[in-house]
Amino acid sequence: MSNAPSVLVIGGGSTGCGIVRDLAMRGLDVTLVEKGNLTHGTTGRMHGLLHSGGRYAVSDQSSARECIAENRVLRRIATHCVEMTGGLFVQRPEDTDEYFERKLEGCRECGIPAEVLSAEEAREIEPHLAADIERAIRVPDGAVDPFRLCVANAADAVDHGARVETHAEVTDVLVEDGEVVGVEVEHAAGEGPFVHGEAGEREEIYADHVINATGAWAGQIGEMAGVDVAVRPSKGVMTIMNVRQVDTVINRCKPKGDADIVVPHETTCILGTTDVEVDDPEDYPEEGWEVDLMIDTLSELVPMLSEARTIRSFWGVRPLYEPPEVGSDDPTDITRDFFLLDHDDRDDLPGLTSIVGGKLTTYRLMAERIADHVCDRLGVDAECRTAEEPLPGSEDFSVLRDWMDEFGLRSPVGRRSAERLGSRIDEVIGEWDGPNPTVCECEAVTRAEIHDAIDGAGSELNAVRLRTRASMGNCQGAFCCHRMANELVPEYDEAVARDALDDLYQERWTGERHALWGQQLSQAMLKHLLHATTMNRDADPAASDEPVDFGAFDAGPGTVSTADDGRESGVTTDDAVADGGTSGGSDADS
């Protein structure tokens, strides 16, 4: 870690993580700062679509061509983050033939493989499509795990010498003699290897060049530096269904509009989305009509969605940008292309570049473009290698295949572990010493994976969640949040485990509160009763100033408890349980 990095990147979303990897691979000394965890902003709140470019083939062919090119790159370098589901643009009776033909022609003009299917052929792929669909266009859409993708980029950057600093919010952009020279950050509370400061501590980090890769928050960083970055944030809702009602990305074949896509993602389907311009990327209404619109409209494509259980909804904010002279009134008209703003040329403020717009599918290309720009500014002659070198976990797909065989394809747990870990499965599962039970049944996440994530993320269970998907399945953490917290002990003490459990539980609840009707209301009440009453997470009367000896519960009935110094305490487990699990006997005898 250097105190004087050459480049400082603000923002730990897909673009920021891609930039820090690219620059680190070119040999630059680079630091990334992110105010939350990786994927804290827009990246962690998207529907997980790996674009083929088909969605933009009529309205924005430049973006469409970039999407299909990067789609192919990610399939090479990030095999463990991508599921090639394929995609269908489905025509309903009220959708025009004229637009269907324009979509087909647009795909072919942009180099996107596109095949027309009859209704019967489409239903052979997706049996639950509506009976009255007329035909479909098949394209190479897919699903991508944004959390795994960002972590893989950041991990590779660290391996190449970068410093990645999460929970470090930029409070000021440092300008000296008319030039940006760094930033001031405030470190937040938290434990883990990527939190180097004390809570509340401020640190000035100087750099030869600063990159503003904060997406919808780019205007706020620009304001700190005294320049105008006119981002136009646009909110969109995503609604998650309880199972995969479809295994293929289903798009409505009509001009861009609300509620026109269903994305199969891991064990669920994600319905999207709305497109409403907002003033503040962190303060906007989350409205019930948006959720209703998703289910009502997309049920016209997949009727069984109207009867399915909705497990949660969440909103994301697109970092849309268009040059000020364009001035579109409708956010759906704003291009999905990305823009590089050189503030030296544009605002006479050297040392700062912003990158805005774009989408996750093109994150690597955006990183390459801005890395080229910064290297040119700094006089560095180094080529981009990110399109060829696989991300960690994707180096050798045969490793993934071998491990799937090793664990047995009939074992969903082993298969899911192999899919998530890729070529790291030997390191994580193969070298795990001890019992390896499933901690999260919905997502089939084992103890070995939880501990691997804790090694990387520290005690922050939301970061463990992002790395493993534990608590993100059908029960939304009802039956695994507390098990995940248990895995923090004894490395972390009781108070840390309790706080981490509460943070995770609250994060899960944030999305569930938008889905409280029908069967999901019963599920939410079950979860509340389990956690609030059985585990006392409402008022927490079990909390005590005295430490709890969790080992007393683990040793088995009748076993003599052992104190921290290895001496027998003389207190049996039965006694300890009767005492509420406290290890007073150990202390008294010592």
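Leaving aside its neighbours within four places in sequence, with which residues is Val-374 in contact? The first legend below gives the reply.

Figure 1. The structure is a predicted model in which local features need pLDDT of at least 70 and side-chain atom pairs count only at pLDDT 80 or more, whereas totals for chains, interfaces and linings use all residues. Residues are numbered from 1 along each chain as its sequence is written, and side-chain values use heavy atoms, with hydrogens and water left out. Val-374 lies in helix H9; helices (H or I, at least four residues) and strands (E, at least two) are DSSP runs, numbered from the N terminus. Beyond its neighbours within four places in sequence, Val-374 is in contact with Val-7, His-209 and Ile-211, contact being heavy atoms within 4.5 Å. Val-374 counts as buried because its relative accessibility is 0%; buried means under 20% relative accessible area, exposed over 50%, and partly exposed in between (1.4 Å probe, protein chains only). A C-alpha separation of 9.8 Å is found between Val-374 and Asp-208, which are 166 residues apart along the chain.

**Figure 2. Packing of helix H2 against helix H9.** Helix H2 (residues 61-77) and helix H9 (residues 363-378) pack at an angle of about 100°, and their axes are 8 Å apart. Axes are lines fitted to C-alpha atoms, for helices over the stretch in contact, and angles run from 0 to 180 degrees between N-to-C directions. H2 and H9 are therefore roughly perpendicular to each other, given that angles under 35 degrees count as roughly parallel, over 145 as roughly antiparallel, 65 to 115 as roughly perpendicular and the rest as oblique. From H2, Glu-66, Glu-70, Val-73, Leu-74 and Ile-77 meet Tyr-363, Arg-364, Leu-365 and Arg-369 of H9. The contact of H2 with H9 has five nonpolar, no polar and four charged residues. In this classification Ala, Val, Leu, Ile, Met, Phe, Trp, Tyr, Cys and Pro count as nonpolar, Asp, Glu, Lys and Arg as charged, and the others, Gly among them, as polar.

**Figure 3. The largest nonpolar core.** A nonpolar core is a set of buried Ala, Val, Leu, Ile, Met, Phe, Trp, Tyr and Cys residues joined through side-chain atoms within 4.5 Å. The largest has 30 residues, of which Leu-88, Val-90, Leu-129, Ile-250, Val-262 and Leu-271 touch the most other members. At least two residues of this core come from each of strand S5 (87-91), helix H4 (119-125), strand S14 (231-241), strand S17 (268-272), helix H7 (288-298) and strand S19 (310-321). H7 provides the largest share, four residues.

**Figure 4. Strand S14 and its partners.** Eleven of the eleven residues of S14 are buried. Val-231, Pro-233, Lys-235, Val-237, Thr-239 and Met-241 point one way from S14, while Arg-232, Ser-234, Gly-236, Met-238 and Ile-240 point the other way. S14 pairs with S19 in the antiparallel sense over eleven bridges; two strands pair if DSSP finds at least two bridges between them. Pro-233 has Pro-319 as its bridge partner in S19. S14 is also joined by two bridges to strand S18 (residues 276-277), in an antiparallel arrangement, with Lys-235 partnered by Val-276. Four antiparallel bridges link S14 to S17.

Figure 5. S17 is largely enclosed by the rest of the structure, because five of its five residues are buried. Thr-268, Ile-270 and Gly-272 lie on one side, and Cys-269 and Leu-271 on the other. Ile-270 is the bridge partner of Ile-240, and Cys-269 stands opposite Met-241. Strand S16 (residues 261-265) pairs with S17 in the antiparallel sense over five bridges, and Val-263 stands opposite Ile-270. Two residues separate S16 from S17 in this hairpin, and Glu-266 in the turn has a positive phi of about 50°.

**Figure 6. The open sheet of six strands.** The strand order is S9-S2-S1-S13-S21-S20, with mixed pairing. Strand S9 (163-165) and strand S20 (338-342) are the edge strands, each pairing on one side only. Strand S2 (residues 30-33) and S9 run parallel and are joined by three bridges, with Val-33 partnered by Glu-165.
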